[in-house]
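Subject: Structure handover

Hi,

Here is the structure I promised to pass on. Have a look at it first, and then read on for what turned up in it.

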Amino acid sequence: MRTAVIAFTKKGIKVARAIKNRLGSTGYAGEKVVETERDFQPIPGNIREFAGWAFQNYEGLIFISAVGIAVRSIAPHLRDKWSDPAIVVVDERGTFVISLLSGHWGGGNRLAQEVAGILGATPVITTASDLFGVETPESIAQEYHFALEARENLPRIISLLLEGAPVWYVTDDAVVWNLLSERVNLCWQMPKDAQGVIFVTDRMVEPPPIPFLILRPRNLVLGVGLRKGISGEALQVLVKDFFRTQGMALLGVREVASVEQKRGEPALKELVQSLSITTHFFTVEELQKVAHLFPSSPLVQRALGVGSVARPSAFLASGGGLEVGYFKGQGVALALFRRVNKDVDQSGGNWARE
């Protein structure tokens, strides 16, 4: 998490420095006190304006101040729990560490506990689920970098969890089962007595008549081969139709893969931007090593030096994954692969190959 520590007094700077040095944060302090503190940057101008800038540039802000100063600084910039950074407040004696904002999705509660551990302070966590030891879907989503769908239902699901109502996680993924079966109520099919359900799947879900959420593990890789000059709109229509036909969710895609020669193709760039995911481009030589595993096109072979792009690139990007579906037509080839042999990367909570 990219964090900034903000102090306003000499005493505050001492606390801030202890945090900054452990977390690798950037330190900021008032212009009057920062003159002799060369490892801190001055807060330029108005603190509210600075807070607005910091909202856009950091995932977590740690104020060494009274709560009121932090609240008045950030108030004009608050948007929603899905986009606001984690806000943590520490008193100048370093006694209490308060998770003020974005405790779950933004990671504020975890940050507060980490800062408290550094200072030997008391973390102050006020979210009900933490007080009653209820594991929330958004915390799980954050921990494993799952995408969260049907977010508008989250408050109702959490209320049901706090009431002790039968809320079940339902998955079709064996790795998810191994990951969560000892932490939550997990099953393969929705029980009849369920009052709320949290699907953990990359497949499309028929909305049930009870409150529900969907967590997308994002295990899918989309390989794309395309004719030069195809429009972005045409490509996105084909991709959406392909996923609908396969019964898979676009939100389940973690990466698009293709050949280096397509790196500058505008349609591919638009697709990746619309999905807010990363791309992985392979050289022709890399694709040639696995191209024999898949059907080959003489036309593509003559043009690129390898007979297929979509399947080999998705296969490589998925770490030798399993093919879920394939489409070819209108100048486009799409190959959907599911990653296999997944486990949790302990360094970042991402899915990773063993």
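At roughly what angle do the axes of helix 9 and helix 10 cross? Before the answer, a quick word on the source: this is a predicted model, where local features need pLDDT of at least 70 and side-chain atom pairs count only at pLDDT 80 or more, while totals for chains, interfaces and linings use all residues. Residues are numbered from 1 along each chain as its sequence is written, and side-chain values use heavy atoms, with hydrogens and water left out.

**Helix pairs**

The axes of helix 9 (residues 232-246) and helix 10 (residues 266-275) cross at roughly 55° and come within 8 Å. Helices here are DSSP runs of H or I with at least four residues, strands are runs of E with at least two, and both are numbered from the N terminus. Axes are lines fitted to C-alpha atoms, for helices over the stretch in contact, and angles run from 0 to 180 degrees between N-to-C directions. Helix 9 and helix 10 are therefore oblique to each other; under 35 degrees counts as roughly parallel, over 145 as roughly antiparallel, 65 to 115 as roughly perpendicular and the rest as oblique. The crossing of helix 9 with helix 10 is right-handed, that is, the near helix is turned clockwise from the far one by less than a right angle.

On the helix 9 side you'll find G232, E233, L235, Q236 and V239, which meet A267, L268, E270, L271 and S274 in helix 10; contact means heavy atoms within 4.5 Å. By class, that contact has five nonpolar, three polar and two charged residues. Ala, Val, Leu, Ile, Met, Phe, Trp, Tyr, Cys and Pro count as nonpolar, Asp, Glu, Lys and Arg as charged, and the others, Gly among them, as polar.

Next, helix 2 (residues 47-57) and helix 3 (residues 67-74): their axes come within 8 Å and cross at roughly 70°, so the two are roughly perpendicular. I47, R48, A51 and F55 of helix 2 make the contact with R72, S73 and I74 of helix 3.

Helix 11 (residues 284-291) and helix 13 pack at about 95°, with their axes 9 Å apart, and are therefore roughly perpendicular too. Here E286, L287, V290 and A291 of helix 11 touch P312, S313, F315 and L316 of helix 13. The residues divide into six nonpolar, one polar and one charged.

**An aromatic pair**

The whole structure has 12 aromatic pairs. One of them is F315 with F337, edge-to-face at 6.3 Å centre to centre and 80° between the planes. For the terms, rings of Phe, Tyr and Trp (its six-membered ring) pair if their centres lie within 6.5 Å, and planes under 30 degrees apart count as stacked, over 60 as edge-to-face and the rest as tilted. F315 sits in helix 13 (residues 310-317) and F337 in strand 17 (residues 332-338), 22 residues apart, so to speak linking distant parts of the chain.**Two sheets**

Seven strands make an open sheet in the order 3-2-1-4-5-6-7, with mixed pairing; strands pair if DSSP finds at least two bridges between them. Strand 3 (41-42) and strand 7 (122-124) are at the edges, each with a single partner strand, so one side of each has no neighbour in the sheet. Strand 6 (residues 96-101) and strand 7 run parallel, joined by three bridges, and V97 has P123 in strand 7 as its bridge partner. Helix 4 (residues 108-119) lies across strands including strand 6, to which it runs at about 165°.

Another open sheet has five strands in the order 8-12-11-9-10, again with mixed pairing. Its edge strands, strand 8 (147-149) and strand 10 (186-187), each pair on one side only. Strand 9 (residues 167-171) and strand 11 (residues 196-200) pair in the parallel sense over five bridges, and T171 has V200 in strand 11 as its bridge partner. Helix 7 (residues 154-163) packs on this sheet, touching strand 9, strand 11 and strand 12, and makes about 115° with the direction of strand 11.

Cheers
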